[in-house]
Amino acid sequence: MWAEKRLMPAPGLMPSMLLPAARATLAASRRAVTAARRATGVASGELQIATLYSVSCGILPTALGLWRSRYPDVRITLFEHPHAEQLAEAMAAGQADIAIGPAPQSWEGTVRLLGAEEIFLVTHLDDPRTSPAAGVPLADLAEREWIHYTPDSGLADLLDEACARAGFQPRVAVRTQQAPFAANFAAAGLGIALVPGNVLPPEFHGMLLRPGPPLLRTLAAYTRGEPDPITHAFLDMLTTEVPLTPPHIRDRFPD
């Protein structure tokens, strides 16, 4: 009769001390997978994508829809993070094939700039103190209540920094982690929200305003090394065919 054996850390060896070895093993495994994928091309396999919550619900639905129509046999695994720093750390540890978000500084792998997504103000349609005219100065909204983001969200930093440049600290009405929720709360009259335009659906009924001056966030796609064929094909599609500001948002601001 045999008994199951469980491997336990040596006495005094903390789990955190095992992380470097575990990450090295993961990296070696991923290199083997990459080699196999280079041999088989883009017809099949798996694509692992790490990104931010706002990108996941913003530009990725369009991107993944296009990808699926062309490569239905390539599986997609998605990892979502609230902050760009967490995204970069996870990517450096080998979590995914490609990361999509603000480009980290001093990244040693491949970085493909995608462009700038535009950030908009959202409020409810009957708001008497705003006008849909282009270029609403944030300073004019200093006394308003805001839909803010949870402290772990990168959009919280974006909102705080934008308001600080305008000379005020936002008064918080409610906090959420997700940009679409912030837009819905703002459309319901709970306060002003600052959201990427690409998270808003075509049927969105809130009032959309452009900050003055315009507020932009640069996005990039980056990998740890040379992209394999699957990753390279996705990068090409993302760069050339997926708009960071969708047509239904551009139509509201034809200038």
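## Helix α6 and Gly189

Gly189 comes after helix α6 and has a positive phi, near 95 degrees. The model is a predicted one, in which local features need pLDDT of at least 70, side-chain atom pairs count only at pLDDT 80 or more, and totals for chains, interfaces and linings use all residues. Residues are numbered from 1 along each chain as its sequence is written, and side-chain values use heavy atoms, with hydrogens and water left out.

Helix α6 spans residues 179–187, and its buried residues are Ala179, Ala182, Ala183 and Ala186. These residues lie on the same side of α6, because they cover an arc of only 100 degrees around the axis. The arc is taken from the directions from the helix axis to the C-beta atoms. Buried means under 20% relative accessible area, exposed over 50%, and partly exposed in between, with a 1.4 Å probe and protein chains only. An α-helix has 3.6 residues a turn, so residues three or four places apart point the same way. The cover over the buried residues of α6 includes β4 (111–123), β6 (145–149), α5 (154–165), β7 (171–176) and β8 (193–196). Contact means heavy atoms within 4.5 Å.

In helix α4 (residues 84–92), the residues Leu87, Ala88, Ala90 and Met91 are buried. They span an arc of only 165 degrees around the axis, which puts them on the same side of α4. Glu85 and Glu89 are exposed on the other side of α4.

## Packing of α3 with α7

Helix α3 (residues 60–70) packs with helix α7 (residues 229–241) at an angle of about 125 degrees, and the axes are 11 Å apart. Axes are lines fitted to C-alpha atoms, for helices over the stretch in contact, and angles run from 0 to 180 degrees between N-to-C directions. The two helices α3 and α7 are therefore oblique to each other; angles under 35 degrees count as roughly parallel, over 145 as roughly antiparallel, 65 to 115 as roughly perpendicular and the rest as oblique.

On the α3 side, the contact is made by Leu60, Ala63, Leu64, Leu66, Trp67 and Arg70, and on the α7 side by Ile230, Ala233, Phe234, Met237, Leu238 and Glu241. By class, this contact of α3 with α7 has 10 nonpolar, no polar and two charged residues. Ala, Val, Leu, Ile, Met, Phe, Trp, Tyr, Cys and Pro count as nonpolar, Asp, Glu, Lys and Arg as charged, and the others, Gly among them, as polar.

## Two loop residues

Thr245 sits in the loop between α7 and α8 (247–250). Thr245 counts as buried because its relative accessibility is 14%. Not counting residues up to four places away in sequence, Thr245 touches Glu117, Glu118 and Arg250.

Gly135 is in the loop between β4 and β5 (136–137) and is partly exposed, with a relative accessible area of 34%. Gly135 and Leu209 are 74 residues apart in sequence, with 7.7 Å in space from C-alpha to C-alpha. Gly135 touches Arg210, Pro211 and Gly212, not counting residues up to four places away in sequence.

## The chain as a whole

The protein chain has eight helices and 11 strands. Of its 255 residues, 43% are buried. Among contacts in the protein chain with a separation of 6 or more, 81% are between residues 24 or more positions apart.

How values were computed: Helix = DSSP H or I, 4+ residues; strand = E, 2+ residues; numbered from the N terminus.
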